[in-house]
Amino acid sequence: MASHLMPDRPKRNAAWYAEQAELLWQKTAAVESNEVLRSSYLGLAREYEKLAATLQRRTAG
């Protein structure tokens, strides 16, 4: 239920998070000279993969 303070947000599925992880892996591979940026992309990619896996487990059962 949405309120004027907390509007409804679209639900994300496991495939969306997996796609985002893949895009982040691609960005990670493209970064050559900025280790901080590369590390950030890498961390985000891993987290999106975890989210995708969690959603897959929850919807499979």
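Here are a few notes on this predicted model, running from the overall fold to the aromatic residues.

1. Overall picture. The chain has two helices and zero strands. Of its 61 residues, 15% are buried. The accessible surface is about 5,200 Å², and carbon and sulfur atoms own 54% of that.

2. Contacts along the chain. Taking the contacts with a separation of 6 or more, 53% are between residues 24 or more positions apart.

3. Helix H2. This one covers residues 35-60, which makes 26 residues. From first C-alpha to last it reaches 37 Å, close to the 38 Å expected at 1.5 Å a residue. At its start, a side-chain oxygen of Asn34 comes to within 3.2 Å of the backbone nitrogen of Val36.

4. As a reminder, an α-helix has 3.6 residues a turn, so residues three or four places apart point the same way. Arg58 also belongs to H2, but it counts as exposed because its relative accessibility is 68%, and the cut-off for exposed is over 50%.

5. What ties H1 to H2 through rings? The count of aromatic pairs comes to three. One of them is Trp16 with Tyr48, a tilted pair at 6.1 Å centre to centre with 45° between the planes. Trp16 is in helix H1 and Tyr48 in helix H2, so this pair ties together parts that are 32 residues apart in sequence.

6. Tyr48 is partly exposed, at 23% relative accessible area. It also pairs with Tyr17, again tilted, with 5.6 Å centre to centre and 45° between the planes. Here too the pair links distant parts of the chain, with Tyr17 in helix H1 and Tyr48 in helix H2, 31 residues apart.

7. Trp16, Tyr17 and Tyr48 form one aromatic cluster. Trp16, at 26%, is partly exposed.

Notes:
Residues numbered from 1 in each chain as written. Predicted model: local features only at pLDDT ≥ 70, side-chain atom pairs only at ≥ 80, totals over all residues. Heavy atoms only, no water. Helix = DSSP H or I, 4+ residues; strand = E, 2+ residues; numbered from the N terminus. Expected span 1.5 Å × (residues − 1). Polar contact = N/O pair within 3.5 Å; in protein donor to acceptor, adjacent residues only side chain to side chain. Buried < 20%, exposed > 50% of the residue type's maximum accessible area, 1.4 Å probe, protein only. Contact = heavy atoms within 4.5 Å. Areas by Shrake-Rupley, 256 points an atom, 1.4 Å probe, with all protein chains shown as cover. Phe/Tyr/Trp six-rings, centres within 6.5 Å; stacked < 30°, edge-to-face > 60°.
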